[in-house]
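Morning, everyone. Please have a look at the structure on the screen, and then I'll walk you through it.

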Amino acid sequence: MEDNYKAGTVTLVGRTNVGKSSLLNRMIGEKVAIVSDKPQTTRNRIAGILTNERFQAVIYDTPGIHKPLHRLGEYLVRVASAALSGVDLVVVIVDASERLTLQDKRVASLIERSSSPFLLALNKIDLCRDNKRLEDLLTDCRFQFASAQGIYQISAITGEGVDDLLTGIEGFLPKGPPLFPEDIVSDKPLKFMIAEIVREKILQTTREEVPHSCGIYLQQLEYRDDGTLYVLADIVVERESQKPIIIGKGGRQIKEIGVEARRDIEYLTDLKVFLELFVKVRKNWREKDSMIQEYTGLRDEIS
Ligand SMILES: Nc1nc2c(ncn2[C@@H]2O[C@H](COP(=O)(O)OP(=O)(O)OP(=O)(O)O)[C@@H](O)[C@H]2O)c(=O)[nH]1
Ligand SMILES: [Mg+2]
């Protein structure tokens, strides 16, 4: 390894749904974080690890900053806020296709109060047709995020501007050897990744509050002698009335969730997967500390 090698840590932060997880996946070149069109998709601090011949960046995706409506939400905001310190750089993400919201301003005050250097990325630039609106947004951003050390216009979907942003990030990484082995792309164990895949399929197939009320508990993960991977997972909902929504008419909904999830788990593990899903009710689990830890994998992050 050459003497000039760089390695460091970067946090992605922003209000919910601006495309943090999509950007992480784009930068890593693999799917390490789940994505959906619904707010509050991400519940954990998830590292994606980008290694090349010049540097290694350990890039943390975080839950979106939002106004919490329950205890789980409070934890999510706490996890994201805590991830602002102790890193070499923060990249704040805003949605280039919208005006700054109250939550963006909340992110601004959090980052301006922290001592970490930060860059600002205007994501979803592919959706911007109107130059005047973009100029107005830039003016607002320069005001709200006055200490930003660079502003980038990017698209996590098309990849536009992402290489420039990575060059910007590289400039903030300290010299040093890699922090992780070079073939590792995420810091999360397989169990977590599998639970997330199931949750993503629920987010993609169900509506409104139901997907947000779901937690996943992996009962069993077993490599079998015949070369298959057996997975038994509980989908935990908050109310009896949510159960039939997940199961669907004649079990159609849960079957679809299972088929889609199995496909992704097989892709991830390169194994033939046997996936069994059960739906269980744990009343108001999102308000209860022990259950939040059990069903979100947040145990390590909030203790
Ligand atoms: N057109 C367009 N859509 C994008 C872009 N980046 C993300 N999206 C979409 O925006 C939605 C939210 O993306 P996520 O990556 O889940 O957003 P997030 O910031 O991680 O959201 P939370 O985890 O809820 O905080 C998804 O439907 C993405 O496909 C982009 O550059 N262009
Ligand atoms: Mg996310």
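The shell around ligand 1 divides into six nonpolar, 12 polar and four charged residues. Here Ala, Val, Leu, Ile, Met, Phe, Trp, Tyr, Cys and Pro count as nonpolar; Asp, Glu, Lys and Arg count as charged; the others, Gly among them, count as polar.

Some ground rules. This is a predicted model: local features need pLDDT of at least 70, side-chain atom pairs count only at pLDDT 80 or more, and totals for chains, interfaces and linings use all residues. Residues are numbered from 1 along each chain as its sequence is written, chains are lettered from A and ligands numbered from 1 in the order in which they are written, and side-chain values use heavy atoms, with hydrogens and water left out.

Back to the ligand. Of the 22 residues around ligand 1, Lys20, Ser22, Thr41, Thr42 and Asp126 come nearest. Helix α1, residues 20-28, gives the most to the shell, with three residues. Helices are DSSP runs of H or I, at least four residues; strands are runs of E, at least two.

Now the contacts. A polar side-chain atom of Lys20 sits 2.8 Å from an oxygen atom of ligand 1. For Ser21, the side-chain N or O atom is 2.9 Å from a ligand oxygen. For Ser155, a polar side-chain atom is 3.2 Å from one.

Last, Thr62. Where is Thr62 placed? Thr62 lies in the loop between β3 (55-61) and α2 (71-82).

How values were computed:
Near = heavy atom within 4 Å. Polar contact = N/O pair within 3.5 Å; in protein donor to acceptor, adjacent residues only side chain to side chain.
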